[in-house]
Each structure stands twice: as structure tokens, then as C-alpha cells.
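Hello,

Here is the structure I promised to pass on to you. Have a look at it first, and then read on for what I found in it.

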Amino acid sequence: MPAQKARWFFSFSLLLFCASSIPTRGSARLLQELSPQEYFSSLQAGRASLAYFSHSVSPGAQPFLEQIENSAEALQDYGISVVKVNCPKEDVSRYCGKENALRKAYLFRGNMLIREFPTDALFDVNSIVANVLFALLFNEVKYVETLADLENIENALKGRSNMVFAYVPATGTAEHRAVMEAAFVYGTVHQFVLTTEATLLKDTGNDESDASSARLLFCHCQRATDLAQPCRRTAMGQTLTMLNIHRHLKLMGAPLVTEVAEDPEKVSTVHLQLGLPLVFILSQKETYEADRRTAEFVAWQLLGKAGVALLSRDLVDLNILLRSNVALKTPDEGVPIKYLVLEDTDEVITLVEDKNKVKQIQEDEEENEEDEDEKENNNQDIQDDQVVEAVSRDKKRELRLQQILVLTEETFHSALSETARTVVLFYASWEAVSLAVLRSYTEVADHLKGTQGVSLSQINCWDWPGVCTTENVTQFPTIKIYEKGEQPVMYDGMWGTEELTSFIMLSRVSCPLKLATIDEAERYLRGEFPSELSSYHHTSLLGVFSTATSEAREAFEEAGNILTGHVTMGMYFEDDALALSHKYAVSPPALLLARSGGGSVEGIPLSKQSAQDVVQMIRYELLDIFPEITVQNLPRYLQLRKPFLILFSDGAISQMESKEMLKLAKGRPQREFVACWLNLYLV
């Protein structure tokens, strides 16, 4: 669901709750009294009504009628009318004639009977509202009894939607009503699931839960893109009321980590608005990936208790100690932000869960102020290094190194000969950026687990300096890819997991790849050849050359050597190259470009002859015409040295906006400016 629509639901739910909480004079008038003929003639298609049929009011039915009258106002908020049908004495129809029928209430949608309720099941306003909404939302709110039923629903939702799972000890309670009211409002946003089985609650991992207390879990199934990946579950810590459920769902809909680039005093998030603290992880560009992982780890632990933001020191001038690595902002007005020095993620979590922790930390810092000043002077080179601080915060999280081969001076050369392609990370154990990159490297190893012909390894240059000197490693960290009989390829991109994985995958294929037949060339453009990249989304570049364009072909080959690992380039120069070029309405030398998922092939003349010109042209053509500007891709667009036309958006842009901006960008000759958009919700 679009963000704008979701926000409408949030606002509507709060309005609905507030409206239902305001006492209204004359609520008794909301209970209509009609004859059977008047009632059935007044029924409208799609409108729900709760009816009670009676000849005369007996003393035993009086308490029930009072509760029916009291519930009329609450049910009217959901478009449900409440009617007392006065049956004539001579009426012997279905609803008026039988004595047991007079002991029931009937729920209609239009003239269709939805449910019969025994009057003893509708004992108060909560039970009436809960049971009526439960009946109307029978298809929207799934009832489950076993863990297998719950897991089947989760599996069906993975990658698509989230789930709200509620346990109530019994139906008809105030908690049951709150869940049904929430489902009425949020049912189109999340899948609601209900159970009254205490054993099922324990099977979900809530062993310590009291079976007499209602519970609500938010299941993050939309993030689980693999069936084998479980849906994370976040329990609501408060009692089940409509207002608390609304608050919890709004927190679950907020970004897991908010990236900010302004003074923390000016930052306002949904967490602060709902009375929760906001934790800032202070970062810098050299340690961004490590800090981002730390922030996400902390955010999952504090979900529903506090917000987490990632604040870059490079973008905000903060007048604080360089060694401060965490800041805490409370929702209380006039309370200054507290900047602290914490050793690990456990301390950050305790900071929120134990309110006395902040005071204790500050008292300790004041008591040791002189010692800290002396330590700052003696160890300035360490304390001023924020990269070290970021790694220190992450140090308790053990690295998964099972997929990475640790090399030594004795094993280095033998390891290179054992596999077709070996990726080597040269690092220094004392150097903070190396340790930060090592964490990204372990994630790359997880992504490439089982990939044939690729081995990931690492060597500590502090322990084995001779190897690093021989391999001409002059800075840390450095990544090189070794292939038998070829010169090693050095990685010169960003240190993120996605960028590293892409470089290793693309380096598996020769660049440029020489294609032998038109069929191979066509399969290459469709992304089906070579087989190593058939399951990997990428843009394919194919150079088409005739026998008379040898100079352009040589420049293209040299450009391929420069771009190895960054793009996939193919080359076709057989005798029937003209047939291939004519199909795409180009003349050799030409470049055919097939974007991933695009379905069409662009033909571009190769008028430039030098390799550097070809490299520059390819990098330009690979840029999106109307991109979303991010931290990762901004440098590539700044290199164009052109003005920016930016569409600012609070969330994802619509298809119509994208179409209009694309039309504008394509309509300008040679792209006089960079048309792009920026998601302010992520800034």
C-alpha cells in the first residue's frame, strides 16, 4: 500500500478511537424500534444491522436490552445500526414465532442473515461489538488453532505483506473488541490472525506469557523474501487497547533505521511523537557500512521501545567530543540531547531499557573527567579515530569466517592454484577500516556460498608483510581477484556488500567476452549467456564490429580490460556481424545495450576510437535516465558536471510522475541536465 494511503489509515484509526470515546447525549435514541415489516423494508444492500425480535420485554431480557442500547453508539461508528423489532402477538414468522428465536440477536448485511447470537453471549458492550465485528470480518480475520495453520499463513504472506497475530483468552472481552476494531481499520494494510489457544501462544516462543493475559505480535513477513526465512515477530508490551494497538502498528510501519543529516535537536520522528526516545548512532563515511549494520542490529532489539537513527558526522558539524559515539534524545521538551561513549551494542540497549543508565554513565564521566582528559592527550591518535570507535561498538558480534580461507606465507601461492578464481582480501588487523571491510567481506561470502569456481580468502599483512609487499599491496584494505594465467584484478569500488558481490560475480566472465555465433550474441543480450550470469541481474553491452573496424575493436577490448568486474561486455566480429547490426538498425562499429529487465535493446554508434573515450561513453550510457539519488550513486552523477533537476518526494514516486520526468529528460538534446528524484523520507 502506498505510504500516503497507509498514513490515511493511521489517522483514521486514531480519529475513530477518539470519536468512539466521546460521550454523546441521547445515545438511547440510536436504538431504533420498528415493526417486522418496517425493519425488513428498511434493509439496504451492503449495510449491516443487529436486530433483536421481541413480543414484550420480560424482566429477564431487560439487562440484555440495556447493553444493546449502550452498544448502539459504538456500532454506529462502524456503520452498523441496532434495531429492536417489536413483534405483534399474532406474528408466528421465523423470527417472531418461536420462543427460542426470541432469545437470539440477528446480524444482517442487507437482507442476508450473517450470524445468530444467543443473547447470553452478548453480555456487555465489549462482547457485542467484538462478536459483531468478528462475524462481519470473518474473511478478513483468520482464526487459527495450531502452529501449522499460523506458519501456512506466514508463508503465504512472505515478501508481500505483514501479519498481526493476536491471542485473547476468550472472545467477547475488551481485548477481543480492541483487536476487532483494529482489524476493521487496518485490515487492508495487514493480515490479522486471531487465536484463543494458549498452547499456540507458547508454540510461537512466548513461553513466559501468562495464558490469562491477551498478547499481540507484529510479524514482519514482508521482509522475509525466502520461504526458509522466518518472519521476525515483535511483541506489543502494553495491554491490548485500540489506542495501544494503533500506536504499536504505527511504530512497526516506521523505518527501521532513519538516516539523518541535520542537527539532532531538529530531528523529529514518529517515535518521539509517540513518547519514545530516539537513539543516534554517530558515524562517518569510512565506517558507514559497519555503523549501518550496528544501527540495524540495535533497532531490531529496541523495536517498539525506541527509534534508531544513523547520523553522519561528515554532514553535520557537532560541537561534541570526538570519542562520543551514541546520542540519546528523549521526547521530553527542554531536555538536552545526551552524547555518550558506549563500548558495545549491549550498552546501547541497556541505555533505553534502564532509565538510570544514562545518569550512571554521566556520573562516571564526571568523576573521571581529569583521567579522561589525560587519556585523551596520551592517546589522541586512537580517540580521534572514529573508525576505531565504530569497530569497537561492533566487536562483540562474532564474525562468520567459515566460508573464508585464512592464508599465510606458506599457503598463499598453493591456494591460488587450487581454484579457477581466488578473491583475496589484504588487510591489517590493527587498522580499523580493514576490520570494518572484513565484516562486509563475511556477508559477501554468505551470498556467494556454493558458487562454483570462486574461493574467498584473506591474509593479515601485519602477520605476513612479505606476501603483501610481493603482491604490491601499498594500502589497506585491498582486494584482488586472481585467475590462473591472468594478471590479478584490483577492486577500486565502494566497500558495501552489494558492490563487492557484484564485482566478484562480473569478474567471473571475460571482459570483453568474444561470442562465436549470432545465437550466442542474442542469448547474451537476453542475459541467458554465459550461464554463470544467467541468474544474476545485470546490463549487457555488446560491441558489433566488421572486419574493417579493427581500430575500434582494439579500443573496445582495452576498455573491457579497464571495466572488468564493473560491467559485462561482449564482442561480436564474425563475418555475419552486418546481419546482427542490421537487425538493430546500427552500422558497425556499434554498441548494443540491453538493460536488466528492460526487454529492449538500444543501438549506439561507436564513433570514439580511444579506449578512454569508450570507457567514458559506456559509464555514461549505464547511468539511469531518471534515477533515484542515493549516497552510493551520487558521485557517479556529479562526475557528469551537469545541473540537477530534482523531484523531491515524501516516499516512493508514482508511475505518472516517473513517466512525466522521463519524458522531460529524454526530450532534452544530449541530456543537458540530470533529471532525478530524492526520497525525503529517507533523508
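Predicted model: local features only at pLDDT ≥ 70, side-chain atom pairs only at ≥ 80, totals over all residues.

Let me start with the helix pairs. Two packed helices are described by the angle between their axes and the distance between the axes.

Take helix H17 (residues 432-447) and helix H19 (residues 497-506): they pack at an angle of about 50 degrees, and their axes are 9 Å apart. By the convention above, H17 and H19 are therefore oblique to each other. Their crossing is right-handed. On the H17 side, the contact is made by Ser-440, Glu-443, Val-444 and His-447, while H19 brings Thr-497, Leu-500, Thr-501 and Ile-504.

Next, look at helix H3 (residues 62-76) and helix H4 (residues 125-136). Their axes come within 9 Å and cross at roughly 50 degrees, so H3 and H4 are oblique to each other as well. H3 passes H4 in a right-handed crossing. H3 contributes Gln-67, Ile-68, Asn-70, Ser-71, Ala-74 and Leu-75 to the contact, and H4 contributes Val-125, Ile-128, Val-129 and Val-132.

A further pair is formed by helix H21 (residues 550-562) and helix H23 (residues 611-622), whose axes come within 8 Å and cross at roughly 60 degrees. H21 and H23 are therefore oblique to each other, and H21 passes H23 in a right-handed crossing. Here Ala-555, Phe-556, Glu-558, Ala-559 and Ile-562 of H21 meet Ala-611, Gln-612, Val-614, Val-615 and Ile-618 of H23.

Now to the charged side chains. Side chains of opposite charge can pair when their charged atoms come close. How many salt bridges does the structure hold? There are 11 salt bridges. One to look up is the pair Lys-104 and Glu-116, whose side chains meet at 3.0 Å, N to O. Lys-104 lies in strand S4 (residues 104-109) and Glu-116 in strand S5 (residues 112-118), so this pair ties together parts that are 12 residues apart in sequence.

Finally, a spot on the surface: which residues form a nonpolar patch there? They are Ile-646, Phe-648 and Leu-680, with about 270 Å² of accessible area together.

Enjoy exploring, and write back with any questions.

Best wishes

Notes:
Residues numbered from 1 in each chain as written. Heavy atoms only, no water. Patch = residues over 30% accessible without salt bridge, like charges linked within 9 Å, V, L, I, M, F, W, Y side chains within 5 Å. Areas by Shrake-Rupley, 256 points an atom, 1.4 Å probe, with all protein chains shown as cover. Salt bridge = Lys/Arg side-chain N within 4 Å of Asp/Glu carboxyl O. Axes fitted to C-alpha atoms, helices over the stretch in contact; angles between N-to-C directions. Helix = DSSP H or I, 4+ residues; strand = E, 2+ residues; numbered from the N terminus. Parallel < 35°, antiparallel > 145°, perpendicular 65-115°, else oblique. Left-handed = near helix turned anticlockwise from the far one by under 90°. Contact = heavy atoms within 4.5 Å.
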